[in-house]
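Reader: I'm new to this one. Can you put it up and walk me through?

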Amino acid sequence: MTTPSPAPVRKHFSMIREFHLADVFTLGNAACGVGGVFLAMAFMASQSLTQFLWAAALAPAAFIFDVFDGRIARWRQTQSALGRELDSLADIISFGVAPAALGFAAGLNGGWDCVLLVYFVCCGVSRLARYNVTAESLSEGANKVKYFEGTPIPTSVVLVGVLAYAASQGHIGSALWGGAWVIGPWQLHPLTLMFALSGTLMISKTLRIPKF
């Protein structure tokens, strides 16, 4: 009679011990995104322009973390499936949810605005999921993907920059550029269309962006 092998001993916090230096930078990216969402909510309560601008400033900070986590992973040769999943989850917070939250706080809060902001976030989620699935085939055996299908989600930093500039000029809330249109039962602020365009470009299959 064969004696069954003993069950492997589970180590406490084993996932944390598997983190690499690059993963710490990825979590820094996620932390910036969450901070941006919190500051956007705080702005809605206080209407403090400083809080709005700090929320916007966390987007380029998240982008810096996002750039360095990939470079560090390649430098230390510590790329892993866990790191790739962490990166995607952090990106959807910092470059999907946070910009949408900032847009809502800026006054893009009509019914049609909300539909387009949700569309933008869903496009970001879909784009990252597709990237994870196709990364291996796109790299063609190399350590690095040669091009992006659709625009990378960190390009939403541009949207945040537009909102930050509008805020600095006093053009948020009721003074948003383009005003508001009433279409059927809901309002649409034309400025929200930039989120719709960004989301559409992210999920484009034919648009290929070289990755440097």
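Author: A term to begin with: helices (H or I, at least four residues) and strands (E, at least two) are DSSP runs, numbered from the N terminus. This is a predicted model, where local features need pLDDT of at least 70, side-chain atom pairs count only at pLDDT 80 or more, and totals for chains, interfaces and linings use all residues. Residues are numbered from 1 along each chain as its sequence is written, and side-chain values use heavy atoms, with hydrogens and water left out.

Reader: Where is Leu188?

Author: Leu188 sits in strand E3, residues 186-188.

Reader: Is Leu188 buried or exposed?

Author: Leu188 counts as buried because its relative accessibility is 8%. Buried means under 20% relative accessible area, exposed over 50%, partly exposed in between (1.4 Å probe, protein chains only).

Reader: What is Leu188 in contact with?

Author: Contact means heavy atoms within 4.5 Å. Leaving aside neighbours within four places in sequence, Leu188 contacts Trp112, Asp113, Leu116, Ala180, Trp181 and Ile183.

Reader: How far apart in space are Leu188 and Leu108?

Author: They are 7.8 Å apart, C-alpha to C-alpha, and 80 residues apart in sequence.

Reader: New topic. Why does Ser94 count as buried?

Author: Ser94 has 2% relative accessibility, so it counts as buried. Ser94 lies in helix H4. Beyond residues up to four places away in sequence, Ser94 touches Asn29, Ala30, Cys32, Gly33, Ala62 and Pro99.

Reader: How many residues has the largest nonpolar core?

Author: It has 33 residues. Such a core is a set of buried Ala, Val, Leu, Ile, Met, Phe, Trp, Tyr and Cys residues joined through side-chain atoms within 4.5 Å. Among those with the most contacts inside it are Phe52 and Leu163.
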